[in-house]
Amino acid sequence: MATLLRSALRPLRPLGGRRGPAADVPLRGVRHGAGLLYPGHIPTSPLQKALLAAGSAGMSLYNPYRHDMVAVLGETTGHRALKGLRDQMRKDPEGAEILQERPRISLSTLDLDKLRSLPEGSLGQEYLRFLDVNELLCHKFQQAWTLCVSQGRPRGCQRHYIPCPRTPLLRVSPDTRAPTRFVDDEELAYVIQRYREVHDMLHTLLGMPTNILGEIVVKWFEAVQTGLPMCILGALFGPIRLSAQSLQVLVSELIPWAVQNGRRAPCVLNLYYERRWEQPLLALREELGITEPPTVHVRGPA
């Protein structure tokens, strides 16, 4: 048990290394050793899942930038919600095709040059812009942390919610999503992997940045859409670190908007995004019933 907990709570290796199965290899229902359902699978008992859920929940609340811990929490608590999402995908023609073909979104499967050549305002162009913006934010975080350390006040960075550059998965890209390990069903393992890989697409659809406020808004949308306990906990406890001004904006305007749109939109996992790159983002929002976000400031550090 101790070995399992150490394995789960250990930060994932930096982006340069390969983690688990290749991002462009679909998860398939074949055996990969004794009791293994897919590459990287770690079979666990209900008690082990409960311990992992408790440990990862604590770490996630302490440091929401620990995306690896958020991933463990989602896998160990989301079985019922994942079954519901899988059933929704099976009933939808586009969703069923995704389950059959198992597409993956990663830097190795994306044609970045093609995305850059797409018309302004298209889903592909806006998604690429989202990735580029967050590449710049990563550098700004690193510079801010370096300044704090040089002034001898790294704890001040943490109080202002500036993550350490060594924090796992700080940089946002399709390849920073943790591989599935603790889901004991290969089809459900793909469902949660797909959810992770389209998370950045939801930021693009909703027009939300990756600062604290933007992430919380997306979590509220995802909580309504998916019912995953991980999303519900993130939506409820994420605001703890917000300033009073940001909290007021969140409660009065952004949460009602996110909940309303989450209820109105069809299941976002039923979209074959890879075939919709050329579709105008505004047209896709209209198709899904997603309205423009409230005209409030969510771009700052919150």
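Starting at the N terminus, the elements of the chain follow the order α-α-α-α-α-α-α-α-α-α-α-α-α-α. That comes to 14 helices and 0 strands, where helices (H or I, at least four residues) and strands (E, at least two) are DSSP runs numbered from the N terminus. Welcome to a predicted model, in which local features need pLDDT of at least 70, side-chain atom pairs count only at pLDDT 80 or more, and totals for chains, interfaces and linings use all residues. Residues are numbered from 1 along each chain as its sequence is written, and side-chain values use heavy atoms, with hydrogens and water left out.

Of the chain's 302 residues, 50% count as buried; buried means under 20% relative accessible area, exposed over 50%, and partly exposed in between (1.4 Å probe, protein chains only).

An unreviewed UniProt entry lists His199, Asp200, His203 and Glu215 under "binding site". These residues span 17 positions in sequence, yet no two of their C-alpha atoms are more than 10.2 Å apart, so they gather at one spot. UniProt positions follow the numbering used here, feature names are shortened, and annotations may be inferred rather than shown by experiment.

Here are two of these residues:

Contact here means heavy atoms within 4.5 Å. With that same exclusion, Glu215 touches His199, His203, Pro209 and Thr210.

How values were computed: Lists of a residue's contacts leave out its neighbours within four places in sequence.
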